[in-house]
Amino acid sequence: MAAARPIFVVAGVGAGSGTGASTARLFSKNGYRVAVIARGADRAKKLADEINSSGGEAAGFGTSDYAYKSILSVMDEIKSFKWPSTQQPAQIRAALWNAGNSVFNQFLDVSEDDLNLSLQSNVQGPFAFSRQAVLSFRDNELDERGKRGTLLFTGATASTRGNTWTSAVAAGKFGLRSLSQSLAKEFGKENIHVAHTIIDGIILTERTIARHSNMPKAQFEENADARLNPDSIAEAYFYLANQDRSAWTWELDLRPAHEKW
Ligand SMILES: NC(=O)c1ccc[n+]([C@@H]2O[C@H](COP(=O)([O-])OP(=O)(O)OC[C@H]3O[C@@H](n4cnc5c(N)ncnc54)[C@H](OP(=O)(O)O)[C@@H]3O)[C@@H](O)[C@H]2O)c1
């Protein structure tokens with residue numbers, strides 16, 4: 001039976017405390033092999049090791065950056081990877097582009113490097129990732145839900161709204177959203193499901209906890225009304241991957257109960 005286990009690919013898992021890592025853990029618990037892409041082989045391996053030691057099957061794939069060619073190449077590695085349990089390549093059935101830069105600066109303080117980082121992690125990398133995912137899904141038979149694969153993207157408030165400090169990140173996230181819509185329209189007819197989420201609030205991660213360290217825990221870290229739990233976002237991704245072809249979501253927005261929006 002192990003040979004039939006599908007692969008879930010996730011790009012962008014940071015230190016292992018955010019959306020990418022939570023989603024990897026959840027797909028693993030639900031029978032997927034997990035291919036982890038991160039900047040730096042160590043980061044990718046750390047999460048893969050954790051999943052392997054809790055009974056799942058995962059492999060880490062490091063990349064130096066999220067440039068188009070780097071992502072084409074790391075996806076080639078994943079496609080030809082022989083999974084230890086079978087020594088065979090396996091089918092990619094779900095893929096999440098979760099990486100995204102966090103450059104927040106007023107326009108005149110945005111450097112060319114900031115802009116490049118945003119466009120690389122939100123547009124160029126996702127273009128290459130999508131190309132490889134779509135080509136891979138095309139080889140799959142329809143599954144029991146009537147789909148060949150699910151391609152997911154993590155967006156943000158900045159996917160639909162610019163603001164005084166978001167020119168760089170919004171330029172990237174708008175691009176990511178429009179890419180996902182174009183793909184949903186082009187490949188829906190091939191039974192490839194493409195979905196985008198707008199994460200409209202602050203996600204609870206090691207990085208955001210550090211950023212809010214001057215706030216009482218009751219106002220942020222321990223207040224489920226004030227921030228998104230990455231495990232809950234992961235549940236939404238799993239739900240999207242399980243939708244049958246008669247009722248597909250292209251876009252989902254998620255925010256904590258008390259978000260002002
Ligand atoms: N944190 C929030 O409050 C928040 C709110 C709304 C939307 N989002 C979006 O949600 C997604 C997941 O974020 P998360 O906070 O839960 O963290 P996460 O899943 O732990 O990781 C997001 C990944 O984006 C990559 N990344 C971060 N900064 C980058 C940079 N400067 N250049 C290139 N890549 C970078 C990292 O990839 P590596 O694995 O290579 O380090 C990081 O792991 C991101 O797309 C983010 O834009 C976050």
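Q: A crossing is left-handed if the near helix is turned anticlockwise from the far one by less than a right angle, and right-handed if clockwise; which of these two words describes the way α3 passes α4?
A: α3 passes α4 in a right-handed crossing. This is a predicted model, in which local features need pLDDT of at least 70, side-chain atom pairs count only at pLDDT 80 or more, and totals for chains, interfaces and linings use all residues. Residues are numbered from 1 along each chain as its sequence is written, and side-chain values use heavy atoms, leaving out hydrogens and water.

Q: What makes α3 roughly parallel to α4?
A: The axes of α3 and α4 (residues 112-138) come within 7 Å and cross at roughly 30°, where axes are lines fitted to C-alpha atoms, for helices over the stretch in contact, and angles run from 0 to 180 degrees between N-to-C directions. Roughly parallel is the word for angles under 35 degrees, and therefore α3 counts as roughly parallel to α4. The residues in contact (heavy atoms within 4.5 Å) include Y68, I71 and L72 of α3 and Q124, G125 and F127 of α4.

Q: How do you know that β5 and β6 are paired?
A: Two strands pair if DSSP finds at least two bridges between them, and β5 (residues 149-156) is joined to β6 (residues 192-199) by eight, with the two strands running parallel.

Q: Why are β3 and β7 said to stand at the edges?
A: Seven strands, paired in parallel, form an open sheet in the order β3-β2-β1-β4-β5-β6-β7. In that order β3 (58-63) and β7 (251-254) each have a single partner strand, so one side of each is left without a neighbour in the sheet. From one strand to the next, the twist averages 15°. Helices (H or I, at least four residues) and strands (E, at least two) are DSSP runs, numbered from the N terminus.

Q: Why is β4 called largely enclosed?
A: Buried means under 20% relative accessible area, with exposed over 50% and partly exposed in between (1.4 Å probe, protein chains only). Six of the six residues of β4 are buried, so the strand is largely enclosed by the rest of the structure.

Q: What makes α1 mostly covered?
A: Nine of the 11 residues of α1 are buried, among them T19, G20 and F27. These buried residues pack against β1, β2, α2, β4 and α7.

Q: Which residues have the most contacts inside the largest nonpolar core?
A: A nonpolar core is a set of buried Ala, Val, Leu, Ile, Met, Phe, Trp, Tyr and Cys residues joined through side-chain atoms within 4.5 Å. The largest has 32 residues, and F8, F27 and V34 have the most contacts inside it. Several elements, including β1, α1 (19-29) and α7 (230-242), each supply at least two residues of this core, and α7 gives the most, with seven. A second, separate core of 31 residues includes F61, V74, V134 and L176.

Note on methods: Parallel < 35°, antiparallel > 145°, perpendicular 65-115°, else oblique. Left-handed = near helix turned anticlockwise from the far one by under 90°.
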